[in-house]
Amino acid sequence: MRNLLDQIVIWLTNDQPIALATVIKTWGSSPRPVGAGMAVSTEGKILGSVSGGCVEGAVIDAALEVLKSGNPTRLHFGVADTEAWEVGLACGGEIDVFVRKFNLQKLNSWKTAFQTGKPFQSALLVNGSENLVGEELLILDDGRILTPGFSSEQKEIIIKSIQKVADRGKFSPAGFIENNLGEVFYQLVGTKPILIVVGGVHIAVHLVKLADILGFDVIVIDPRRLFGTGERFPGVKQVINEWPGAAFQKLHVNQSTAIVMLTHDPKIDDPALGIALASPAFYIGALGSKKTHQKRIERLSASGIDNDRLSIIHAPVGLDLGGKLPEEIALAIIAEIVKVRNSTRI
């Protein structure tokens, strides 16, 4: 959803109504995860996807019909039958897709939720009272409830039903809840991933480009002003020309943060590693050979950092792709970050 917002803003502010299709359930080898979305404008323009291209045509047709009628719909796609020309998934999986109109009120609620920088819950009514199906509420981390489509009483019904599931210990990142209003699809929406690169070296130039493509907010730290410049890193969220101790005081490191040390200079990398290891970052990596890393471990251990904690450092950094060029090393690093993130994220 996050990657769709900028274009949705443009469409809606230019009076182009849109329909939003969301994957709400998957079985087997589905090409896109629960929560994946696709926006469709009245002009037939599309953004995002709900499959690997197998069912997009059918979803677009349904979305255009939803825009005409105003009535949301739930679609199910199973295995494709090529002999019968039946639309489906070639991968052998199954998905349910919910399609609804999406307006400025709903857009503003999602923008507000993302602006908090913290995870939040979305609850979407996918079956029940006709005048409420397609409405949703967002439960923010700070306790605020954004409910443009529900009354106070209806809001309480949804919140209590979600809380009951959580209290039973059966709460998962996404699922369904039945209550007096009908069937509610809920999902826990994580924060935007952040990549903090310590060291504005040549590898970093390629790494930040790949990270941007993958949706990371990128921050570059390097006290050496010749390395850490806006010209070298156009488009990154922030370039900080300070030593790690001062630079990290300006940043909020959370469970969606990856940190990579690339300077090869212990005066910069070691303090940054000490800070990173005390943080909840999901990934910490450091450039250097096995021999270099062993010396690094000895220094950090002597500074009082626990060996169990030191063992989480990914070094030599990146997957072993056999590459030697800066861009190949950058690819190996971002690939490892994505691998770790997909194994640990919500």
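## Close-up views of a predicted model

**View A. Helices H7 and H8 where they pass each other.** The axes of helix H7, residues 266-277, and helix H8 come within 11 Å and cross at roughly 55 degrees, and that angle makes H7 oblique to H8. The structure shown here, as in every view that follows, is a predicted model. The crossing of the helices H7 and H8 is right-handed, and the residues that make the contact are Pro266, Asp270 and Leu273 on the H7 side, together with Arg296, Arg299 and Leu300 on the H8 side. Divided by class, the residues of this contact between H7 and H8 are three nonpolar, no polar and three charged.

**View B. His293 in helix H8.** Helix H8 covers residues 290-302, and His293 is found within this helix. With a relative accessibility of 11%, His293 counts as buried, because buried means under 20% relative accessible area. When residues up to four places away in sequence are not counted, His293 touches Ile313 and Ala315.

**View C. Helices H1 and H3 and the residues between them.** Helix H1, residues 5-13, and helix H3, residues 104-115, have axes that come within 11 Å and cross at roughly 150 degrees, which makes H1 roughly antiparallel to H3, since angles over 145 degrees are counted in that way. H1 passes H3 in a left-handed crossing. From H1 the contact is made by Leu5, Ile8, Val9 and Leu12, and from H3 by Leu104, Leu107, Trp110, Lys111 and Phe114. By class, this contact of H1 with H3 has eight nonpolar residues, no polar residues and one charged residue.

View D. Asp96 lies in strand S5, which is made up of residues 94-102, and at 7% relative accessibility Asp96 counts as buried. The side chain of Asp96 makes a polar contact with the side chain of His76, at 2.6 Å. Apart from residues up to four places away in sequence, which are not counted, Asp96 touches Thr22, Val23, Ile24, Lys25 and Trp27, and also Arg74, Leu75 and His76.

**View E. Cys54 in a loop.** The loop between strand S3, residues 46-48, and helix H2, residues 56-69, is the place of Cys54. Cys54 has a relative accessible area of 33% and is therefore partly exposed, a term used for values between 20% and 50%. From C-alpha to C-alpha, Cys54 and Leu5 are 24 Å apart in space, while in sequence they are 49 residues apart.

**View F. Helix H5 and the glycine that follows.** Helix H5 is formed by residues 202-213, and its buried residues include Ile203, Ala204, Val205, Leu207, Val208 and Ala211. Just after H5 comes Gly215, which takes a positive phi of about 90 degrees.

**View G. The whole protein, as a setting for the close-ups.** The protein has ten helices and 15 strands, and its C-alpha trace spans about 65 × 50 × 40 Å along the principal axes. Of the 346 residues in the protein, 46% are buried. Among the contacts between residues at least 6 apart in sequence, 57% join residues that are at least 24 apart.

Definitions and conventions
Residues numbered from 1 in each chain as written. Predicted model: local features only at pLDDT ≥ 70, side-chain atom pairs only at ≥ 80, totals over all residues. Heavy atoms only, no water. Axes fitted to C-alpha atoms, helices over the stretch in contact; angles between N-to-C directions. Helix = DSSP H or I, 4+ residues; strand = E, 2+ residues; numbered from the N terminus. Parallel < 35°, antiparallel > 145°, perpendicular 65-115°, else oblique. Left-handed = near helix turned anticlockwise from the far one by under 90°. Contact = heavy atoms within 4.5 Å. Nonpolar A, V, L, I, M, F, W, Y, C, P; charged D, E, K, R; others polar. Buried < 20%, exposed > 50% of the residue type's maximum accessible area, 1.4 Å probe, protein only. Polar contact = N/O pair within 3.5 Å; in protein donor to acceptor, adjacent residues only side chain to side chain.
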